Amino acid sequence: MRAENASLKSKESNKTRKEKYSNEDYALMAYLKLQGQTPDELNSNKSNMNWKQDGNKFTIDFGAHSTMMMVTDKQVQVTYDKTTNNGMGQGNGHKVYSKQELADEFGNQKNTLKEIINTAKENDNNSTSNNSSTTPSVTNQTTTQSNQNSNTITNSTSSSNTNTNEEKPLVKNGYTYRPKYNENGQVDAWMVTGPDGRTFGGGDPSPAWQEIESEYNSLNNK
């Protein structure tokens, strides 16, 4: 009788957990666990986060290398760029987290998780809308000019940053990196153009972005 009661309680607990957290919640929890971040820490930088969903697969990036979370029945499988001997992002790393451990660690901050997800979705919608309105002019230019010239045109549209017009952009792993300087001449953010032509803003104190800045400075003899 006791065994039956324990089994029943376990099933009720699993049912409650599954209803309490969505696949979106679990995907974001897994990203936070991989990064070693708290929801509050990510929430402070959520405006720069890009969020994509394809069924049970979720992708997060900040303008460059991405992390993919696939949510299954009892766990979340995470695929991410890792540093290899050849450089940043040359190989994939993999982690698997159970839904139970993620819920135990981050479940009490569900409101913050939802706030992050809602902001990321809104950013994605705005980005899609902006790109659709500017695509025709860019497409017309690329039909008559090389990719290098179109990169120059993209760069020149950022007229507020004259420094980058005189410097060579860093091209790495299919992404083009250009710094955005503030009025004091310091790098305020990185503008990253991906293989699909979309440009995002990114950059933080992490080693990955420090490596990008170091390679950019070396390329431009700074």
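Biologist: Which residues of H4 are buried?

Modeller: Lys99, Leu102, Ala103 and Phe106. Buried means under 20% relative accessible area, exposed is over 50%, and partly exposed is in between, with a 1.4 Å probe and protein chains only. Helices (H or I, at least four residues) and strands (E, at least two) are DSSP runs, numbered from the N terminus. This is a predicted model, where local features need pLDDT of at least 70 and side-chain atom pairs count only at pLDDT 80 or more, while totals for chains, interfaces and linings use all residues. Side-chain values use heavy atoms, with hydrogens and water left out, and residues are numbered from 1 along each chain as its sequence is written.

Biologist: How do I read the spacing of those buried residues around a helix?

Modeller: An α-helix has 3.6 residues a turn, so residues three or four places apart point the same way.

Biologist: Now the charges. How many salt bridges does a search of the whole structure find?

Modeller: Side chains of opposite charge can pair when their charged atoms come close. A salt bridge here is a side-chain nitrogen of Lys or Arg within 4 Å of a carboxyl oxygen of Asp or Glu. The search turns up seven. One of them pairs Glu105 with Lys33, with the closest N and O atoms 2.7 Å apart. Glu105 is in helix H4 (residues 99-106) and Lys33 in helix H2 (residues 23-35), so this pair ties together parts 72 residues apart in sequence.

Biologist: Which residue forms a salt bridge with Lys46?

Modeller: Glu115, and the closest N and O atoms are 2.7 Å apart. Lys46 lies in the loop between helix H3 (39-43) and strand E1 (50-54), while Glu115 is in helix H5 (residues 110-142), 69 residues apart. Lys46 is buried at 16%, whereas Glu115 is partly exposed at 38%.

Biologist: And what does Glu215 pair with?

Modeller: Lys172, with the closest N and O atoms 2.6 Å apart. Helix H8 (residues 207-219) holds Glu215 and strand E6 (residues 170-172) holds Lys172, so the bridge ties together parts 43 residues apart in sequence. Glu215 is partly exposed at 27%; Lys172 is buried at 11%.
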